[in-house]
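Please examine the structure shown below before reading on.

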Amino acid sequence: MENKTTNIIGMAIKLAIIVPILILGLSVMFSGVHVENSAPEVVEEFREGGLLTSTTMFSFVAIGLCAFLVLAFFVVLLVTQPKKAIKSILGIILVGVLYVILNAIGTADTNESLRLAEDVQVEQNVIDSSTAGIWTAAITLIVGIAAILLGPVINLVRKN
């Protein structure tokens, strides 16, 4: 019973974080403002608007909450199941190495190609690290989805 309760609590936490971010993210995506095709005044109004600001702030809060939950998870896992905790930590180290490699590769994006506002110019290393983070997240998601989809197939092959 305790495992079922834990799963329900975990699902509630995931939904409480994921659903608002999805709604806000889709709202930003479908707002009709496209940086490449919109007038500079429209883009500036969108940057200063409440939708993008609230999405950004909620994302920062969600990232902080997720970081806290991950740390709490590892503390509990280290106490209850040390072998699984060590495997999880090795996975995080592997993702960290991937990020460092992608950050070292860099990106072709610049302040101009991203059409950043004049007062929001950033250094190239910030753009490189942001791009590396996005690619790391994308690769991790693709590998995770592949593991979820291929897991049952691999289990069937192992049994036979």
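Contact here means that heavy atoms lie within 4.5 Å of each other. The model is a predicted one.

Thr-131 belongs to helix H5, which covers residues 124-159. Leaving out residues up to four places away in sequence, Thr-131 touches Thr-107 and Asp-109. Buried means under 20% relative accessible area, so Thr-131, at 15%, counts as buried.

**Helix H3 and its buried residues**

Helix H3 has 31 residues and spans 44 Å from its first C-alpha to its last, close to the 45 Å expected at 1.5 Å a residue. Its buried residues are Thr-55, Ala-62, Phe-74 and Leu-77. For Thr-55, contacts beyond four places in sequence are made with Leu-24, Gly-25 and Val-28.

| Residue | Helix | Relative accessible area |
|---|---|---|
| Thr-55 | H3 | 11% |
| Thr-131 | H5 | 15% |

**The packing of H3 and H4**

Two packed helices are described by the angle between their axes and the distance between the axes. Helix H3 (residues 50-80) packs with helix H4 (residues 82-105) at an angle of about 140 degrees, and their axes are 6 Å apart. The two helices, H3 and H4, are therefore oblique to each other.

Which residues of H3 and H4 meet? From H3 come Phe-74, Leu-77, Leu-78 and Thr-80, and from H4 come Pro-82, Lys-84, Ala-85, Ser-88, Ile-89 and Ile-92. By class, this contact of H3 with H4 has 7 nonpolar, 2 polar and 1 charged residues. Phe-74 and Leu-77, both among the buried residues of H3, take part in the contact with H4.

Notes
Residues are numbered from 1 along each chain as its sequence is written. This is a predicted model: local features need pLDDT of at least 70, side-chain atom pairs count only at pLDDT 80 or more; totals for chains, interfaces and linings use all residues. Side-chain values use heavy atoms; hydrogens and water are left out. Axes are lines fitted to C-alpha atoms, for helices over the stretch in contact, and angles run from 0 to 180 degrees between N-to-C directions. Helices (H or I, at least four residues) and strands (E, at least two) are DSSP runs, numbered from the N terminus. Angles under 35 degrees count as roughly parallel, over 145 as roughly antiparallel, 65 to 115 as roughly perpendicular and the rest as oblique. Ala, Val, Leu, Ile, Met, Phe, Trp, Tyr, Cys and Pro count as nonpolar, Asp, Glu, Lys and Arg as charged, and the others, Gly among them, as polar. The expected span of a helix is 1.5 Å times one less than its number of residues. Buried means under 20% relative accessible area, exposed over 50%, partly exposed in between (1.4 Å probe, protein chains only).
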